[in-house]
Amino acid sequence: MMEIVMSGLFRKAFSAAVILAALLLPAVSQAADLSMSAMTVTKSAGGSEEYSISVQVLILMTMLTFLPSIIIMMTSFTRIIVVLGILRQAIGLQQSPSNQILVGIALFLTFFIMSPVLDEMNTTALQPYLNDQITSKEAFEKAQEPLRKFMLQQTRVKDLNSFMEYAGEKADTPEQVPLKVLIPAFMVSELKTAFQMGFMLFLPFLVIDLVTASILMAMGMMMLSPALISLPFKLMLFVLVDGWSLLIGTLVSSFGIGTGG
């Protein structure tokens, strides 16, 4: 069962990589249809062969190096990893869970939350393109629609208007906002939401730290670190309230998953 689940996740991840990498080439896709040959062989006057790689292939391979940034900028990854980092800081743990574990949790949660968007991109853009039903330019345009809809739902109007003003752009409807404006506005909104969630997450642990520090002060144990004494109490509180389940549920529902949104 686990192998089936992992296989499905990796298939979605690969499809997402193909589509999201393609989104980085809107200018190229509008200039020409991207049906390109990877390598061209030409024969010189002396009979020798010279090999040249298509410029478009080089551009595409270069754009693929930005794929991690795409996952961070245009998905739910930013909000999740920031909240998880604040949680670790609030509890007072320095190295546990490790960065690799937090990134892994954030990555798989991102694939889970983005599954409806990735499925729609796969159905409307990738599969028709692989079946030669639409051109690459049409596939790029169709792939942008569900991702744009997701980002617009999570972006505050104030942030959107601010970046529209910075860029000197005008749009009658949110759907007309260009990606160069929508992406930074989405990132700022995600950071603001993550900080708000982190603040609410920090409060109960801060209360435990204050109570512990007050008790130690009253007992005259000023040389004993309050953080060291409060750590087991914070861990016990987090476990007793089923903190991981509550946190993951809150993160998922904040994107409208499982709430009918």
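User: Is glutamate 141 buried or exposed, or partly exposed?

Analyst: Buried means under 20% relative accessible area, exposed over 50%, and partly exposed in between (1.4 Å probe, protein chains only). Glutamate 141 has a relative accessible area of 43%, so this residue is partly exposed. Please note that this is a predicted model, in which local features need pLDDT of at least 70, side-chain atom pairs count only at pLDDT 80 or more, and totals for chains, interfaces and linings use all residues. Residues are numbered from 1 along each chain as its sequence is written, and side-chain values use heavy atoms, with hydrogens and water left out.

User: Where is glutamate 141 placed?

Analyst: Helices are DSSP runs (H or I, at least four residues), numbered from the N terminus. Glutamate 141 lies in helix α8.

User: Where is glutamate 190 placed, and is this residue buried or exposed?

Analyst: Glutamate 190 belongs to helix α10 (residues 179-218). Its relative accessibility is 0%, so glutamate 190 counts as buried.

User: With which side chain does the side chain of glutamate 190 make a polar contact?

Analyst: A polar contact is a pair of N or O atoms within 3.5 Å; within protein, one must be able to donate a hydrogen and the other to accept it, and residues adjacent in sequence count only if both atoms are side-chain atoms. Here the partner is the side chain of arginine 79, at 2.5 Å.

User: Which residues does a cis peptide bond join?

Analyst: Serine 96 and proline 97 are joined in this way, with omega about -5°. Proline 97 sits in the loop between α5 (77-91) and α6 (99-113).

How values were computed
Helix = DSSP H or I, 4+ residues; strand = E, 2+ residues; numbered from the N terminus.
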